[in-house]
Amino acid sequence: QLTFPGMPSIFYGDELGASGLVEADYRRPMPWQGGNEKLLAFYRRAIALRRELAPLRRGDFRCISAERGERVYVAVNCSDRAEKCALPGEKLWSEGLEADKIGPYGFAVTVLRG
């Protein structure tokens with residue numbers, strides 16, 4: 001959601017790993033102490049990238065196309081196997097990206113400037 005134009009919807013506690021299927025679980029008090037620090041760092045990095053790149057806040061969403069100027073490419077692999085993916089530009093952030101493949105549940109964000 002942080003790589004799509006528009007306002008992301010993050011429920012309080014998501015960034016610390018709070019979860020639950022029933023209201024009593026997901027409406028617990030905010031876990032200020034002992035939350036998932038790795039997940040919190042992931043959210044902070046995604047938010048910082050969104051703040052840095054205006055197209056992530058105000059751009060149009062199109063599959064593999066962009067207007068002139070700065071272009072941001074986001075690829076997400078929602079499968080349990082590696083998938084081929086060649087993204088142009090400078091790699092800004094990725095998890096599971098190796099050469100021309102994105103690993104299971106991996107992602108990549110690149111930018112092509114100018």
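Reader: Is Glu 90 buried, partly exposed or exposed?
Author: This is a predicted model. The relative accessible area of Glu 90 is 43%. Buried means under 20% and exposed means over 50%, with partly exposed in between, so Glu 90 is partly exposed.

Reader: Which residue meets the side chain of Glu 90 in a salt bridge?
Author: Side chains of opposite charge can pair when their charged atoms come close. For Glu 90 the N to O distance in the salt bridge is 3.6 Å. The cut-off for a salt bridge is 4 Å. The partner of Glu 90 is Arg 113.

Reader: How many residues apart in sequence are the parts that Arg 113 and Glu 90 tie together?
Author: Glu 90 is in strand E3, which covers residues 90-98. Arg 113 lies in the segment after E4. The parts tied together by this pair are therefore apart in sequence by 23 residues.

Reader: What is the distance between the closest N and O atoms of Glu 70 and Arg 113?
Author: Glu 70 and Arg 113 form a salt bridge. Glu 70 lies in the loop between helix H3 (55-58) and strand E1 (71-76), and Arg 113 in the segment after strand E4 (101-112), so the pair ties together parts that are 43 residues apart in sequence. Glu 70 is partly exposed at 34% relative accessibility, and Arg 113 is partly exposed at 45%. The closest N and O atoms of the pair are separated by 2.7 Å.

Reader: Which residues are linked with Arg 113 in a network of salt bridges?
Author: Arg 113 forms a salt bridge with Glu 70. The side chain of Arg 113 also meets that of Glu 90 in a salt bridge. The residues linked with Arg 113 in the network are Glu 70 and Glu 90.

Reader: What accessible area do Phe 11, Tyr 12 and Tyr 26 have together?
Author: Tyr 12 is in the segment before helix H1 (23-26). Tyr 12 is partly exposed, at 35% relative accessible area. With Phe 11 and Tyr 26, Tyr 12 forms a nonpolar patch on the surface. Together, their accessible area is about 260 Å².

Technical notes:
Residues numbered from 1 in each chain as written. Predicted model: local features only at pLDDT ≥ 70, side-chain atom pairs only at ≥ 80, totals over all residues. Heavy atoms only, no water. Patch = residues over 30% accessible without salt bridge, like charges linked within 9 Å, V, L, I, M, F, W, Y side chains within 5 Å. Areas by Shrake-Rupley, 256 points an atom, 1.4 Å probe, with all protein chains shown as cover. Helix = DSSP H or I, 4+ residues; strand = E, 2+ residues; numbered from the N terminus. Buried < 20%, exposed > 50% of the residue type's maximum accessible area, 1.4 Å probe, protein only.
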